[in-house]
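Q: I have a model open and would like to go through it with you. Can we start with the ligand?

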Amino acid sequence: MAPVVLRTVAEVKAWTAGLRREGRRLALVPTMGYLHDGHLSLMREGRGRADVVATSIFVNPTQFGPREDLSRYPRDLSGDLAKCASAGVDVVFAPEDPNVMYPPGYQTYVEVTEVSQGMCGERRPGHFRGVAIIVTQLLCLFRPEVALFGEKDYQQLQVIKALNRDLHLGVDIVGMPTVREPDGLAMSSRNAYLSPEERQRALSLSRGLKAAQTLLKEGTREASALVGAVRRELEAAGLREDYVELVDAERLKPLAQVAPGQSARLLVAAFSGTTRLIDNMPLGG
Ligand code: AMP
């Protein structure tokens, strides 16, 4: 069945009030649209965890830097609605323009001070401030029991877990594994920017992360060697590194090595042509 489309904050409030009267559990999946199977995996998981699934489709301007791709970010609302229907989504919140979320006089932000540091936080100043406020707005507006996010954006997931905990929002934040193309490329709306050749070269991100996982299994624990395995693949493919970092899986503090039994995460960002791609995989734990 086609999802109901809500366009305004007032419509969302009226709809969620109805849900609460009926005592139905809500799962929320926030997205920026141009949906792919990664997004749909979150929606399907939401279906299994709640009575009703809502998705938001909003290209959030506050999380884009001044020289980033806000104006050309891919959009396809009618295609997205068909995909939402196929994944069993009941309601899509698609604000018509940024003023719905940021009306004149808007002035409130949320700062997550620790896990926002480093990596994408350092390379994209203001990015996590924008992510934190839009997710806070959506969680406050919808008040879902469950909200689902992808591990593909691993640092973002930790930022959201922190704000949910620190602001006592009480939402069950569920992180879902990265969905990949058959050749290993992490699905992303931004893959649409890649030429066939840039897409081929972009496989070096997942290939490098896999090589590091293999090294760790063989007993190599030092960050320099694990990070080096990713760098070698990026270099061989001619990609420009933005960062490659080994961090502990929860607090995202840089690690010199993976201790036995420790949960670590290896994260990479790199440019294939002018397109910035990110990926990450677990190491140990
Ligand atoms: P976006 O539309 O890129 O803001 O992503 C919306 C949500 O989908 C975020 O929670 C992302 O982490 C998640 N997501 C994006 N790509 C993937 C993927 N390949 N696998 C799983 N989740 C993803």
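Ligand and surroundings

A: Helix α2 gives the most to the shell around the ligand, with three residues. Helices (H or I, at least four residues) and strands (E, at least two) are DSSP runs, numbered from the N terminus.

Q: What kind of model is this?
A: This is a predicted model, in which local features need pLDDT of at least 70 and side-chain atom pairs count only at pLDDT 80 or more, while totals for chains, interfaces and linings use all residues. Residues are numbered from 1 along each chain as its sequence is written, and side-chain values use heavy atoms, with hydrogens and water left out.

Q: Which residues come nearest to the ligand?
A: Met32, His39, Asp153, Val179 and Met187 come nearest, out of 16 residues around the ligand. A residue is near a molecule or strand if one of its heavy atoms lies within 4 Å of it.

Q: How much of the ligand does the protein bury?
A: The protein buries 93% of the 490 Å² that the ligand exposes when taken alone. Accessible areas come from the Shrake-Rupley method with a 1.4 Å probe; for residues, only the protein chains shown count as cover.

Q: Which elements give two or more residues to that shell?
A: Those are β2 (26-31), α2 (37-49) and β5 (146-150).

Q: What is the shell made of, by class?
A: Seven nonpolar, seven polar and two charged residues. Ala, Val, Leu, Ile, Met, Phe, Trp, Tyr, Cys and Pro count as nonpolar, Asp, Glu, Lys and Arg as charged, and the others, Gly among them, as polar.

Q: Where is His39, and is it buried or exposed?
A: His39 sits in helix α2. It counts as buried because its relative accessibility is 12%. Buried means under 20% relative accessible area, exposed over 50%, partly exposed in between (1.4 Å probe, protein chains only).

Q: Which residues does UniProt list as "binding site"?
A: Gln63 and Gln156, again from an unreviewed entry. They span 94 residues in sequence, yet no two of their C-alpha atoms are more than 11.2 Å apart, so they gather at one spot.

Q: Where does Gln63 sit?
A: Gln63 is in the loop between β3 (52-57) and α3 (77-86). With a relative accessibility of 10%, Gln63 is buried.

Q: Where is Pro66, buried or exposed?
A: Pro66 is in the loop between β3 and α3. Pro66 is exposed, at 84% relative accessible area. Its C-alpha is 35 Å from that of Glu145, 79 residues apart in sequence.

Q: New topic. How many disulfides?
A: The count comes to zero, a disulfide being a pair of cysteine sulfur atoms within 2.5 Å. As for cysteines, Cys120 is buried at 6% relative accessibility, while Cys140 is partly exposed at 43%.

Q: What about backbone angles: which residues other than glycine have a positive phi?
A: Among them are Tyr34, with phi near 55°, and Arg143, with phi near 45°. Tyr34 is in the loop between β2 and α2 and is partly exposed, with a relative accessible area of 32%. Arg143 is in the loop between α5 (127-142) and β5.

Q: Last one: where is Val227?
A: Val227 is in helix α8 (residues 223-237) and is buried, at 8% relative accessibility.

Technical notes:
UniProt positions renumbered as here; feature names shortened; annotations may be inferred.
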